[in-house]
Amino acid sequence: MKILYYTWNENSRDDMLQTLQFLGHEVKVCDMPCQDYEQDKALSAYLEKIIGEQSFDIIFSFNFLPVIAKAAGQCRIKYISWIYDCPHWTLFSPAVRSAYNYIFVFDRLQYQQLQALGAEHCYHFPLAVNTARLSRLLAEEQEESRRADVSFVGSLYENNLYDRLNYLPDYIRGYLSGIIGAQEKIYGYNFVGELLTDEIIGEMNQFISMDLPRGYYATKRELYAEMLNGKITANERLHLLAEASKRFCLTLYTASDTATLPQAIKGGIVDYVSQMPVVFHNSKINLNMSLRSIQSGIPLRALDIMGAGGFLLSNYQPELAEYFEDGKELALFGSAQEMMEKAAYYLAHEEERRQIAAAGLRKVRELFSYEVRVGQMLEMVNQ
């Protein structure tokens with residue numbers, strides 16, 4: 001097939017391009033910046049012109065851009081989008097209902113929500129990792145590079161929106177703090193939106209202005225819930241990492257301010273393509289604390305860790321537990337205490353830890369490699 005690949009310089013661009021070419025497809029890249037996700041006249045005109053001139057079969061992008069969906073509809077060609085953000089707010093655009101869209105969503109609950117909005121061709125579809133590239137990269141690396149006992153790679157979310165709201169009345173902040181504290185203790189089910197009553201939403205509307213473009217299907221409840229999920233993620237990461245840094249030799253790889261974690265080793269920032277896989281491969285334990293907005297799906301970070309042959313210790317996620325066996329291919333925790341206990345156990349049991357990491361890598365190669373996932377995706381689109 002002849003595929004027009006639209007890129008916004010996402011981390012997975014080269015992996016996807018290489019895979020499409022490996023599978024025998026002709027690919028042209030469009031990297032024209034998008035100025036407006038809904039109405040970008042220059043990008044629309046360019047897409048319609050190049051599609052008309054070069055007769056592409058498919059347009060592809062990571063994440064859903066309504067402006068591309070509209071151009072694809074005008075040109076009557078299929079538009080594939082693979083979603084790896086959650087929530088992904090442009091999925092609430094009326095443009096999702098175009099019959100030319102083929103939307104692949106990694107989080108099952110977000111997929112179900114998209115179905116309810118009337119998307120005709122949408123699929124629950126976990127993400128992928130380029131295990132072939134990682135294997136080549138790690139074969140060239142020094143075994144001693146970036147060695148660590150326990151590592152965490154990611155943001156501490158200290159700049160979350162909730163913390164910037166310094167004008168909420170005490171009674172509203174108290175109610176929201178109760179939701180935040182309760183949800184932080186629970187894994188596998190997110191009840192934040194359910195606890196945002198119509199009354200409290202009405203109160204919040206007086207002090208908070210959060211809006212999406214006109215015509216979007218998202219509600220204030222969903223917007224406010226996502227704001228609180230960002231704060232829950234920040235609290236959880238800070239609390240768990242603080243406790244881990246007291247008990248273990250913990251290395252942090254982050255651009256966030258780590259002043260509140262003085263006992264952790266500062267590893268700096270690592271490049272996604274060339275450095276991060278080395279961290280995962282050479283750390284005895286890699287921690288994953290999923291964004292609380294990802295309510296069901298397998299975070300890309302978890303696949304990145306296992307795809308690099310690293311040992312994954314993750315919070316419980318429904319789909320992680322569905323596709324991988326706890327204690328056989330990864331380790332899952334459902335509380336702060338369980339995370340600390342499992343970290344201590346697997347640090348002390350090296351051979352068992354190595355066997356689990358190897359089994360996790362085998363499962364990722366079997367089910368979540370780019371060649372497997374992209375091949376399945378294109379087969380589904382062409383049925």
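Gly188 is partly exposed, with a relative accessible area of 34%. In this predicted model, Gly188 sits in the loop that links helix 6 (170-184) to helix 7 (192-195). What does Gly188 touch, once neighbours within four places in sequence are set aside? The contacts are Tyr316 and Pro318. Pro318 is 130 residues away from Gly188 in sequence, yet their C-alpha atoms are 5.9 Å apart in space.

## Backbone features worth a look

If you like checking torsions, here are some places to start. Most residues other than glycine have a negative phi, and most peptide bonds are trans. The peptide bond between Cys86 and Pro87 is cis, with omega at about -5 degrees. Pro87 belongs to the loop between strand 4 (78-83) and strand 5 (101-105).

Two asparagines have a positive phi: Asn9, at about 65 degrees, and Asn63, near 70 degrees. Asn9 is in the loop between strand 1 (2-6) and helix 1 (13-22), while Asn63 is in the loop between strand 3 (58-62) and helix 3 (66-75). Is each of them buried or exposed? Asn9 counts as exposed because its relative accessibility is 57%, and the cut-off for exposed is over 50%. Asn63, with a relative accessible area of 4%, is buried because that value is under 20%. A glycine also has a positive phi: Gly24, which follows helix 1, has a value near 95 degrees.

## Helix 1 and what it packs against

Which residues of helix 1 are buried? They are Asp15, Met16, Leu17, Thr19 and Leu20. These buried residues pack against strand 1, strand 2 (26-30), strand 3 and strand 4, and also against helix 5 (131-140) and helix 15 (370-381).

## The nonpolar cores

In soluble globular proteins, nonpolar side chains tend to be buried together. Here the largest nonpolar core has 51 residues, and those touching the most other members are Met16, Phe60, Ile80, Trp82, Phe104 and Phe324. Met16 is also one of the buried residues of helix 1.

Leaving out residues up to four places away in sequence, Phe60 touches Ile3, Leu4, Tyr5, Tyr6, Met16, Tyr79, Ile80, Trp82 and Met377.

Asn101 is part of strand 5. Its relative accessibility is 1%, so Asn101 counts as buried. Which residues does Asn101 touch, not counting those up to four places away in sequence? The contacts are Phe64, Ala69, Tyr79, Ala95, Val96 and His121.

## Where helix 9 meets helix 13

Helix 9 (residues 220-247) packs with helix 13 (residues 336-348) at an angle of about 35 degrees, and the axes are 11 Å apart. The crossing of these helices is right-handed.

On the helix 9 side, the contact is made by Leu240, Glu243, Ala244 and Arg247; on the helix 13 side, by Ala336, Met339 and Met340. Sorted by type, the residues of this contact are five nonpolar, two charged and no polar.

Conventions
Residues numbered from 1 in each chain as written. Predicted model: local features only at pLDDT ≥ 70, side-chain atom pairs only at ≥ 80, totals over all residues. Heavy atoms only, no water. Helix = DSSP H or I, 4+ residues; strand = E, 2+ residues; numbered from the N terminus. Buried < 20%, exposed > 50% of the residue type's maximum accessible area, 1.4 Å probe, protein only. Core = buried A, V, L, I, M, F, W, Y, C linked by side-chain atoms within 4.5 Å. Contact = heavy atoms within 4.5 Å. Axes fitted to C-alpha atoms, helices over the stretch in contact; angles between N-to-C directions. Left-handed = near helix turned anticlockwise from the far one by under 90°. Nonpolar A, V, L, I, M, F, W, Y, C, P; charged D, E, K, R; others polar.
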